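Thanks, everyone; please bring the structure up on your screens, and I will walk you through the fold and then the space inside it.

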Amino acid sequence: MIINTFRRVCAVVTIAVGSILAGPPALADDTYSSDEILRVAADFFGGATEGLASIVEKSFADKGRPNGFIAGEEFSGAFVVGLRYGQGTLNRKNTDARKIYWRGPSVGWDFGGNASKVFTLVYNIKSEDDIFQRFPGVDGSFYFIAGFGMNYQQRDQIVLAPIRTGVGLRAGANVGYLHYRRDKGWLPF
């Protein structure tokens, strides 16, 4: 009995010393690896391609690991002045997915229209509410039946990297912004 008690005390001391030496528990990483993003994006777009892998790789090389992503769809059209409308779901680790809408104007040498699936990498947001603001950006597109591309939008420290693939007939370059919102609407400003 004394030996069993001694063994239990030694086991408790060993566990306590091990915990002290290990330090505080590690915080869960709230970012996504390139493998995680590529897997989710490939499922979203309906298959992995070399083009998708190279775009994801470029974004990780430029901006690092995202701490969120938006999966959705949008449609846009332009004749010098353009409009873009979209909706999707904001996803972050350890939180529930949240419905999100976006819309905005653009101006530039831009003609045509397109419908796209959009997978946006989200960098440096601390809470879901950080996304609900205007993000300026420069965009260039060339869709002839189908296309694939990425651009960056930035507001303060928050960076968005929309990856689009879509169908339509559109060519051009423009400057504008997208306003991410909680509610759906038609007024683009």
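Among contacts in this predicted protein model between residues at least 6 apart in sequence, 71% join residues at least 24 apart, where contact means heavy atoms within 4.5 Å. The model being predicted, local features need pLDDT of at least 70 and side-chain atom pairs count only at pLDDT 80 or more, while totals for chains, interfaces and linings use all residues. Residues are numbered from 1 along each chain as its sequence is written, and side-chain values use heavy atoms, with hydrogens and water left out.

Along the sequence the pattern reads α-α-α-β-β-β-β-β, that is, three helices and five strands, taken as DSSP runs numbered from the N terminus (helices H or I, at least four residues; strands E, at least two). Of the 189 residues, 40% are buried, meaning under 20% relative accessible area with a 1.4 Å probe, protein chains only.

Now to the inside. A search of the whole structure turns up one cavity of 30 Å³ or more, a cavity being a set of points, on a 1 Å grid over the protein atoms alone, where a 1.4 Å probe fits but cannot get out. The largest cavity holds about 150 Å³, a volume being the space filled by probe spheres set on the points, which are joined across faces, edges and corners. It is lined by 17 residues, and those closest to its centre are Arg-84, Ser-106, Asp-139, Asn-174 and Leu-178; lining residues have an atom within 4 Å of a point. Strand 5 (158-181) is among the strands that each supply at least two lining residues, and strand 5 gives the most, with six.

Notes. 1 Å grid on protein atoms, 1.4 Å probe; cavity = no way out; pocket = protein on both sides within 12 Å on 5 of 7 lines; lining within 4 Å. Buried < 20%, exposed > 50% of the residue type's maximum accessible area, 1.4 Å probe, protein only.
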